[in-house]
Amino acid sequence: FGSSSSQAPCLVELHALARASVGHPSMHAAVGRDDSLAAVRENGQALRDLSPDLRADREVVLEAVRRDGKALRWAGQNLRADREVLLEAVRQDGWALQWAAGDMRANREVV
């Protein structure tokens with residue numbers, strides 16, 4: 001994409017690239033971690049369009065749920081059971097609890 005290294009691609013560019021990469025694992029590499037962090041900081045729901053590896057990246061997911069707690073829906077399964085990720089998501093939006101790992105939904109610290 002036409003962005004310079006000092007400027008993150010806009011969210012529209014990132015979504016377009018991520019969607020184009022579905023079924024093409026080599027294209028997922030084109031959506032880098034830094035660009036992904038920038039995108040989820042702008043819109044937590046951008047997590048949905050990232051590769052499984054990035055959706056399992058704790059820092060990327062934390063940034064996404066800080067922006068939009070319901071982005072937890074798109075997080076890797078292991079991060080749906082991560083206490084800190086859940087606390088951030090629920091702090092931002094209590095409804096995020098519905099996407100927590102089963103046993104964490106009853107955790108008194110999170111609820």
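Helices here are DSSP runs of H or I of at least four residues, numbered from the N terminus, and Glu-63, the residue I want to talk about, is found in one of them, helix H5, residues 58-67. What we have is a predicted model, in which local features need pLDDT of at least 70 and side-chain atom pairs count only at pLDDT 80 or more, while totals for chains, interfaces and linings use all residues. Residues are numbered from 1 along each chain as its sequence is written, and side-chain values use heavy atoms, with hydrogens and water left out.

So, is Glu-63 buried or exposed? With a relative accessibility of 18%, Glu-63 counts as buried, since buried means under 20% relative accessible area, with a 1.4 Å probe and protein chains only. Val-60, Val-61, Leu-62, Ala-64 and Val-65 of H5 are buried as well, and the cover over the buried residues of this helix includes helix H3 (33-42), helix H4 (52-55) and helix H6 (83-92).

Leaving aside residues up to four places away in sequence, Glu-63 touches Leu-37, Val-40 and Arg-41, where contact means heavy atoms within 4.5 Å.

Let me turn to the packing of H3 and H5, whose axes, lines fitted to C-alpha atoms over the stretch in contact, lie 7 Å apart at an angle of about 15 degrees, taken between N-to-C directions on a range from 0 to 180 degrees. That makes H3 roughly parallel to H5, a term for angles under 35 degrees. The contact is made by Arg-33, Leu-37, Val-40, Arg-41 and Glu-42 of H3 and by Glu-59, Val-60, Glu-63, Ala-64 and Arg-67 of H5.

Methods. Helix = DSSP H or I, 4+ residues; strand = E, 2+ residues; numbered from the N terminus. Buried < 20%, exposed > 50% of the residue type's maximum accessible area, 1.4 Å probe, protein only. Parallel < 35°, antiparallel > 145°, perpendicular 65-115°, else oblique.
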